[in-house]
Amino acid sequence: KLTKLDDIVSLCKRRGFIFQSSEIYGGLASCYDYGPLGCELKRNVRQAWWKAMVQMRDDVVGLDSSILMHPLIWKASGHADHFSDLIVECKKCHTRTRVDHLTDKDGRTAEESGGEPADTKDKVCPNCGTVGNFTEPMAFKLMFETEMGANADDRMTLYMRPETAQGIFANFRNVLDTTRVKVPFGIAQIGKSFRNEVTTKAFIFRTREFEQGEIEFFCEPGTDDQWYEHWKQQRFDWYVSLGINPDNLRMRDHAQDELAHYAKGCVDIEYRFPFGSGDWQELEGIANRTDYDLRQHQRGMRSINDWIEAGRDLTKIELKEESQDYHKGPLSYFDEQQKKRYIPYVIEPSAGIDRSTLAFLVDAYDEEELEGGPRNLLRFHPDLAPVKAAVFPLVKRDGMPDIARNICDGLKKHFAAFYDEKGAIGRRYRRQDEAGTPFCITVDGQIKEDNCVTVRHRDTMVQERVNVDQVLNYLRDGMDN
Ligand code: ATP
């Protein structure tokens, strides 16, 4: 099956899944809005993640931390100094591109052709097509800055968080002190992140404002390899359980020279997206971050006075050195059973909610040639489908609309249902196919004799007569299987 991204983009726009942000003003690059169907889909992706990662587990708790945080957090995490992309500018058209995203005339990045990343001699400008005409690589900072406070003595530069993870580390102590969690345990959160991306790409794949679902799983050093393997498997299986074809998924281990200096291991779960060179693109990263983050935040906590004395200016300070007995510091953990104190290691599965929404859209998209013409449909897993059931009166008379409305209202108490009486029945079915609705229910004149309605299945188009009183159970069974 070859799905083109253009087909997805046009379906999303046509059916109100996803719009360009600020479209009536000409649009804002790399920002998108989710329309009526899209926001339901994304909400379901979020909910499926939360249910599997938090609610169904005994060892993970949830968190919702604020986007704006103390600026020192970003000094401690390393983002303030190092979170930048290496970019070059085309000398002819002045388009800036991430060095690792540049491709040669065969569409291969440096990584794919085995070349040196900084060697741009054979690389093509993605805007004007000029070859090898770039400036020297330079660092481009990715964090958006903003200002907080009105007065000279409380004014400071803040950063829009570029990941949700740091809010979790900053609350590690709070969660330990207020709940019954014991290592090993995880803290999960879903929320917005912001990055001033240089090369933006393919629809909602890479945007400047996006949502992440992240877990920091804290474990005893020495057990980290085992938990790393656990999370790799859990996260891979999550996508498959929601309908992604495993042939379109793979795990790619980072090479040793690709790893951040503190990371012990990192793997990307990649999905075969229908664009770009090679098509396989990161969906989620899972890393063994060791005890790096908690240790860094202990240094950050000790640097507060330096920061105040420097006029609350991050650029004027260096983090304090780590203390000798850091393993007994404020972010350490005391294991009651073993009578042992240590800084936990962290396994971090970091997923993109928008990016996985795109993968679910791409994977669900299908076109069929039928006698009456082509049928476009989204074969969403029922948990993800924006609308679970649509209810139609066959015609707008003989009391059918009232009965259909009644059925629809009854279903709405349990899940998203949609009533539609406009247009030919075949067209109503096709509209729901395109929205990914698993079931359509049609009320026709025969109901007066048999008290039954017709239930049509999206994927097979098979139709069955079902007693009105049994419709809810019937749909529930269908959605569970
Ligand atoms: P890249 O190197 O491709 O820019 P990254 O490795 O920096 O990405 P991470 O920091 O590991 O990405 O982010 C974790 C996840 O968050 C990614 O796998 C992706 O799903 C999502 N994500 C990151 N940046 C963006 C973005 N700009 N737009 C949409 N999703 C994103």
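Lys-339 is an exposed residue, with 7 other C-beta atoms within 10 Å; it counts as exposed because the cut-off for that class is 12 or fewer. The structure in which it is found is a predicted model. Lys-339 lies in the loop that runs between strand E14 (333-335) and strand E15 (340-342). Its backbone deserves attention, as phi of Lys-339 is near 50°, a positive value in a residue other than glycine.

Most residues other than glycine have a negative phi. Asp-398 belongs to the loop between strand E19 (389-393) and helix H12 (400-412). With 15 other C-beta atoms within 10 Å, Asp-398 is partly exposed.

The peptide bonds may be considered next. Most of them are trans. Between Val-183 and Pro-184, however, the peptide bond is cis, with omega about 5°. Pro-184 is placed in the loop between helix H7 (172-178) and strand E9 (185-194).

Attention now turns to the ligand. The ligand is surrounded by 16 residues, and the closest are Phe-210, Gly-285, Ser-350, Gly-352 and Arg-355. Two or more residues of this shell are given by each of strand E10 (209-219), strand E13 (280-290), strand E16 (345-352) and helix H11 (353-364). Strand E13 provides the largest share, 4 residues. Sorted by class, the shell around the ligand holds 8 charged, 5 polar and 3 nonpolar residues.

Key
Residues numbered from 1 in each chain as written. Predicted model: local features only at pLDDT ≥ 70, side-chain atom pairs only at ≥ 80, totals over all residues. Near = placed C-beta within 6 Å. Nonpolar A, V, L, I, M, F, W, Y, C, P; charged D, E, K, R; others polar. Buried ≥ 20, exposed ≤ 12 C-beta atoms within 10 Å, placed from the backbone.
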